[in-house]
Amino acid sequence: MGLEIERKYLVNELKWEALQKPEGEYYRQGYLLTDPNKTIRVRQTTTQGFLTIKGISVGAVRTEFEYEIPFKEAGELLDQFSTAELSKIRYKITVDGKVWEVDEFLGDNAGLIVAEIELATEDENFSIPEWVGVEVTGKQKYYNSNLTNKPFKAW
């Protein structure tokens, strides 16, 4: 079974803006199923497509199965079957050997910046960069699937 162990944090916007960072990549993603116990997501980056199935989160752990699919088919699935969608720019920044994925949300979620780090174990030690703020792991309103239905601008 595939497992994802991930911690999620808000980003300090002023420190983030001052940071020299790599070029980000545009992500478009939509949901075929958004249920509190499971989600089915289609994602399209600038060059790839993915189908991802996620289970319920227990702390920082949840089941996850992700498969690369043809880019064109990802777009067709999003256009024809997605019930809720969002877009964002993702930055990947390595700190002490660990990759932080930082999402700057667009559209109705503009202004929200979230950093995630995937871990090998739930109790793994890692460095937290100065631009990382409050932890929001497990807070459902920050799940991407929930941001499609109740966007940041509506908070």
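**Salt bridges and a loop threonine**

Lys-98 and Glu-124 form a salt bridge, with their closest N and O atoms 3.1 Å apart; the term denotes a side-chain nitrogen of Lys or Arg within 4 Å of a carboxyl oxygen of Asp or Glu. Because Lys-98 lies in strand 7 (residues 98-105) and Glu-124 in the loop between strand 8 (113-118) and strand 9 (132-135), the pair ties together parts that are 26 residues apart in sequence. Strands here are DSSP runs of E with at least two residues, numbered from the N terminus. Glu-124 is buried, at a relative accessible area of 19%, where buried means under 20% relative accessible area, exposed over 50%, and partly exposed in between, computed with a 1.4 Å probe on protein chains only.

The model is a predicted one, in which local features need pLDDT of at least 70 and side-chain atom pairs count only at pLDDT 80 or more, while totals for chains, interfaces and linings use all residues. Residues are numbered from 1 along each chain as its sequence is written, and side-chain values use heavy atoms, with hydrogens and water left out.

Side chains of opposite charge can pair when their charged atoms come close. By the salt-bridge rule, the count comes to 14. One of these pairs joins the side chains of Arg-28 and Glu-85, at 2.6 Å from N to O. Arg-28 lies in strand 2 (residues 25-35) and Glu-85 in strand 6 (residues 84-95), so this pair ties together parts that are 57 residues apart in sequence. Arg-28 is buried, with a relative accessible area of 17%, whereas Glu-85 counts as partly exposed at 37% relative accessibility.

A further salt bridge links Lys-54 with Glu-64, whose closest N and O atoms are 3.4 Å apart. Since Lys-54 belongs to strand 4 (residues 49-55) and Glu-64 to strand 5 (residues 61-69), the parts tied together are ten residues apart in sequence; both Lys-54 and Glu-64 are buried. Elsewhere, a network of salt bridges links Lys-8, Lys-88, Arg-90, Glu-101, Asp-103 and Glu-116.

Thr-45 sits in the loop between strand 3 (38-44) and strand 4, and Thr-45 is buried, with a relative accessible area of 5%. What does the side chain of Thr-45 make a polar contact with? The partner is the side chain of Glu-25, at 3.4 Å; a polar contact is a pair of N or O atoms within 3.5 Å, and within protein one must be able to donate a hydrogen and the other to accept it, with residues adjacent in sequence counting only if both atoms are side-chain atoms. The backbone nitrogen of Thr-47 lies 3.2 Å from a polar atom of the Thr-45 side chain.

Technical notes. Helices (H or I, at least four residues) and strands (E, at least two) are DSSP runs, numbered from the N terminus.
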